[in-house]
Amino acid sequence: MASHQTIVVELGSSRIKVGFAGESKPRRVLNDDGGSGGGARRGGGGWTVAINDGMVSRACRWTSLHRYHSSMYDASRDDSAKSGGSASVPTTAYEWERTLYPLFSHALTSILFVQRPSRHRMLILTSDAFPPRIFREALHRVLLDYLGVGGVWLLNGGAFEGVYHLLEGLPPPPSLTSSAGPPRAHLIVDIGTHEARVAVCVAGSSILADTHRATLSGYDSFLGQVLTNYQGEKIVAKDAVDEECAHLEEEGSYYCPVTSLEDANAVVRAWIALSSSSAGFSPDITTVQVRLPSLERAQRTESSMEATIQLPVQPLLKAFHQIYLDYSNPSSLIFAMLTSVRTCPIDYRKAALQHALLLGGGSVALRHFCFWGGLASTGSSTNNGLGPQLETAARDACGVSSDDESAGESKGEEKKDDGASSVSSISRKRFRSLQGVVHGHVDDDDGRRGGINIQYPDPFAADMVAWIGGSIMGTLGYSKYYQNKFP
Ligand SMILES: Nc1ncnc2c1ncn2[C@@H]1O[C@H](COP(=O)(O)OP(=O)(O)OP(=O)(O)O)[C@@H](O)[C@H]1O
């Protein structure tokens, strides 16, 4: 059987990327605003893919395969659930077949224009390291039996496997000398929609399964926390909706204008835009001006209402700290990263922390997020963004304060009480074993060498790396890994 180009599909929870192996980008990225990218905000209960497979036009509801900490997931935040959509993940192979058949039929006929599926094999990347058995069974049945695709390779934990094929070609971090040779290990951090996943990937091998961690630090989970924090603050938006709020204040109740994930996303985008603009930004800023989508909609019916309002930034920064930087919180990203490294064999720890890579759409969305802690400690806005903030949080977690870079003698000492008194002594000691690795060593000539270094996989787009890695894999001769219809 002559095999034509391999098809590569990345099944993400909020974006599905479809294309051919050997190409530099997917032919189409499906998301819930019709595939144009950017993404309208949706809740965690799934979204709708518009399907047109040449026979019928309909919609297919797509949910993530698995939801980590599903008991912690707050369905009341879910916009789609509120609007009557089903928030449930399929629970039988048959339900998965009903979801997958229209989706892949659409991809083959309307996106890739494949005439004879049997001449193509398909590489499927899933974010989950362990997708449910019923999903795998349904996928194979749909692709091999119903749609007649030539062969299928389901690649679990796709981002980790995919990026593995790009790592060799990535330039070394500027802090490392080029003579150091190719890195022996990487810490891969994939920030997705609901979850973030972390694992150590070793050169010449694959990911170390023991180091795999999943945590509720996806971009939408962060937005959920932003929403919760603003609602908890009970903001009185006097200037925005004068009469209404004055009345509420009199009654002793409050009004919070941030009412959906979409609003929370608008606050995040506004803050990033403000902090990225060099003009007029200073660490003293405590409010941000935001145009809220929900107020914009209300404005259409009530013309007296203002859609742009001034909001405090404190609840936003608090959410960022809780979800990403708080090393005393087991659900935070920094906790997952440090636990992952602590689990890996001791001789790989140094290399893994020196070569940490941020992947996934969430890391793109937060790449320039500015946090006060960083600004305050450096006195400038250059040390902002997710990567530098995670580095600072890792140093804090390991008891390496930011100002003792030159004074190695403080190693091993208890961190002084500098306002972080709410952090328990157990939390402060939890990652002490990584202190030397996170800190690096101090050279007389060149300053600090080694230590934690968190990078983006430039020049590749962090949210495309998994698919591009899959595209490379699809061109290689991995025949024995494909499950073929005609073995
Ligand atoms: N370029 C971008 N700029 C801003 N936000 C983005 C960008 N790309 C993706 N996002 C947002 O980041 C989140 C994660 O995107 P990603 O493409 O990694 O999702 P996914 O692969 O579907 O998720 P998962 O890996 O959890 O299955 C989504 O909420 C998405 O809206």
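This is a guided tour of one predicted model, from the whole chain down to single residues.

**Before selecting anything**

Residue numbers start from 1 along each chain as its sequence is written. Because the model is predicted, local features need pLDDT of at least 70 and side-chain atom pairs count only at pLDDT 80 or more, while totals for chains, interfaces and linings use all residues.

**The whole chain**

Display the chain as a cartoon: it has 17 helices and 17 strands. Helices (H or I, at least four residues) and strands (E, at least two) are DSSP runs, numbered from the N terminus. Of the 487 residues, 44% count as buried. A residue is buried if 20 or more other C-beta atoms lie within 10 Å of its own, exposed if 12 or fewer, and partly exposed in between, with C-beta atoms placed from the backbone. Among contacts with a separation of 6 or more, 69% are made by residues 24 or more positions apart. Two residues are in contact if their C-beta atoms, placed from the backbone, lie within 7 Å.

**The domains**

Colour next by domain: domain 1 is 7–160 + 462–484, domain 2 is 176–218 + 325–455, and domain 3 is 220–318. These bounds come from an automatic or database domain assignment. To view the boundary between domains 1 and 2, select the 19 residues of domain 1 that are in contact with 19 residues of domain 2. On the domain 1 side, α4 (158–167) and α17 are the elements that give two or more residues. That side divides into eight nonpolar, eight polar and three charged residues. For these classes, Ala, Val, Leu, Ile, Met, Phe, Trp, Tyr, Cys and Pro count as nonpolar, Asp, Glu, Lys and Arg as charged, and the others, Gly among them, as polar.

Move to β1 (residues 7–11) and β2, which pair in the antiparallel sense over five bridges. Two strands pair if DSSP finds at least two bridges between them. The two strands form a hairpin with four residues between them. Strand β2 (residues 16–20) is mostly covered, with four of its five residues buried. Three bridges join β2 to β3 (residues 28–30), and these strands run antiparallel. Here Val-18 stands opposite Arg-28 in β3.

**The ligand shell**

Select the 20 residues around the ligand; Gly-12, Ser-127, Gly-192, Gly-361 and Ala-365 come nearest. A residue is near a molecule if its C-beta atom, placed from the backbone, lies within 6 Å of it. The elements that give two or more residues to this shell are α5 (219–233) and α12 (361–365). Of the elements, α12 gives the most, with four residues. By class, the shell has three nonpolar, 13 polar and four charged residues. Domain 1 and domain 2 each supply at least three residues to the shell.

The expected span is 1.5 Å times one less than the number of residues. The buried residues of α5 include Phe-222, Leu-223, Leu-227 and Tyr-230. Then select α7 (residues 261–276): its 16 residues should span 22 Å, and its end C-alpha atoms are 22 Å apart, which agrees. Among the buried residues of α7 are Leu-261, Val-267, Val-268 and Trp-271.

**A residue in α10**

Centre the view on Ala-336, in helix α10 (residues 333–343). Ala-336 is buried because 23 other C-beta atoms lie within 10 Å. Leaving aside neighbours within four places in sequence, Ala-336 is in contact with Ala-196, Val-198, Arg-213 and Thr-215. For a distance label, take the C-alpha atoms of Ala-336 and Ile-468: they are separated by 26 Å and lie 132 residues apart along the chain.

**Two backbone features**

Most residues other than glycine have a negative phi, and most peptide bonds are trans. Select Phe-113, a residue other than glycine whose phi is positive, near 50°. Phe-113 is in the loop between α2 (93–111) and β6 (121–126). Phe-113 counts as exposed because it has 9 C-beta neighbours inside 10 Å. Finish at Asp-458 and Pro-459, which are joined by a cis peptide bond with omega about 10°. Pro-459 is found in the loop between β16 (454–455) and α17 (465–475).
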